[in-house]
Amino acid sequence: YATSGDVSGGEFFVENVSMIVQLIQLPILMLVGQMCVGDFIDKTANFELMGGHRRWEVYLGRAIPAIVVTMLLSLISIIIPVVFMTCLAGWGIEVIFSHFILRLSMILLVQLRLICMFVFFSFLVKNQYVVMGIAYLYFALHLSGIFSETASPMLTITNFNLLYGMGGWYT
């Protein structure tokens, strides 16, 4: 357990998860654009379509790896700092571990929703640079705080903001 001056792993997660997730979103969304439509710019995907592959095979052949890789990167980016702080100061008593797993699962589900939305945008515009611009706009809107917890729950930004509200976690 953490001593009186240390920040435990659980407390670190509670206080820093919003910063960690916000910082990884821009590179993750840019990676989605590159992985999904990078081959459309150099016409590799068009040659696959002309070679007799079905359109859904070409799209899924890019979408599924993009989703899997970016979800794994998201999970690793969130877990590594928490594990590091837990190794340094212990888990602590501020957060029950099962609550951590539940909150992490919910954050990853919303992250999956965001990644799938950007996979859709990628195939819609078929230009990785436009997708990067949309990702930057999303990132800027997220950091600006324009969308608060009172905005529509249909927005991914609102879901992230609701998940970051950790005030009730302390016992």
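**Salt bridges and their surroundings**

Reply: In this predicted model, Arg 54 and Glu 57 make a salt bridge, with 3.7 Å between the closest N and O atoms. Glu 57 counts as partly exposed, because its relative accessibility is 31%. The salt bridges number three by the rule used here.

The other two meet at Arg 62. One of them pairs Arg 62 with Asp 39, where the closest N and O atoms are 3.0 Å apart. Arg 62 belongs to helix H3 (residues 55-89) and Asp 39 to helix H1 (residues 9-41), so this bridge ties together parts that are 23 residues apart in sequence. The side chain of Arg 62 also meets that of Glu 48 in a salt bridge, again given as 3.0 Å from N to O. Glu 48 lies in helix H2 (residues 44-50) and Arg 62 in helix H3, so here the parts tied together are 14 residues apart in sequence. Through these shared partners, Asp 39, Glu 48 and Arg 62 are joined into one network.

Arg 62 has a relative accessibility of 7% and counts as buried, since buried means under 20%. Asp 39, at 27%, counts as partly exposed, and Glu 48 is partly exposed with a relative accessible area of 26%.

The protein has six helices and zero strands, and its elements run α-α-α-α-α-α from the N terminus on. Of its 171 residues, 40% count as buried. Among contacts with a separation of 6 or more, 77% are between residues 24 or more positions apart. The protein exposes about 9300 Å², and carbon and sulfur atoms supply 71% of that area.

In one of them, Phe 40 and Phe 123 have ring centres 6.1 Å apart and planes at 80°, so the pair is edge-to-face. Phe 40 is in helix H1 and Phe 123 in helix H4 (residues 97-125), so the pair ties together parts 83 residues apart in sequence. Phe 40 counts as buried at 7% relative accessibility, and Phe 123 is buried with a relative accessible area of 16%. Another edge-to-face pair is formed by Phe 118 and Tyr 138, whose ring centres are 6.2 Å apart with planes at 75°. That pair links distant parts of the chain, with Phe 118 in helix H4 and Tyr 138 in helix H5 (residues 128-144), 20 residues apart. Phe 118 is buried, with a relative accessible area of 0%, and Tyr 138 counts as buried at 9%.

Cys 116 counts as partly exposed at 35% relative accessibility, whereas Cys 87, at 66%, counts as exposed.

Notes. Residues are numbered from 1 along each chain as its sequence is written. This is a predicted model: local features need pLDDT of at least 70, side-chain atom pairs count only at pLDDT 80 or more; totals for chains, interfaces and linings use all residues. Side-chain values use heavy atoms; hydrogens and water are left out. Buried means under 20% relative accessible area, exposed over 50%, partly exposed in between (1.4 Å probe, protein chains only). A salt bridge is a side-chain nitrogen of Lys or Arg within 4 Å of a carboxyl oxygen of Asp or Glu. Helices (H or I, at least four residues) and strands (E, at least two) are DSSP runs, numbered from the N terminus. Contact means heavy atoms within 4.5 Å. Accessible areas come from the Shrake-Rupley method with a 1.4 Å probe; for residues, only the protein chains shown count as cover. Rings of Phe, Tyr and Trp (its six-membered ring) pair if their centres lie within 6.5 Å; planes under 30 degrees apart count as stacked, over 60 as edge-to-face and the rest as tilted.
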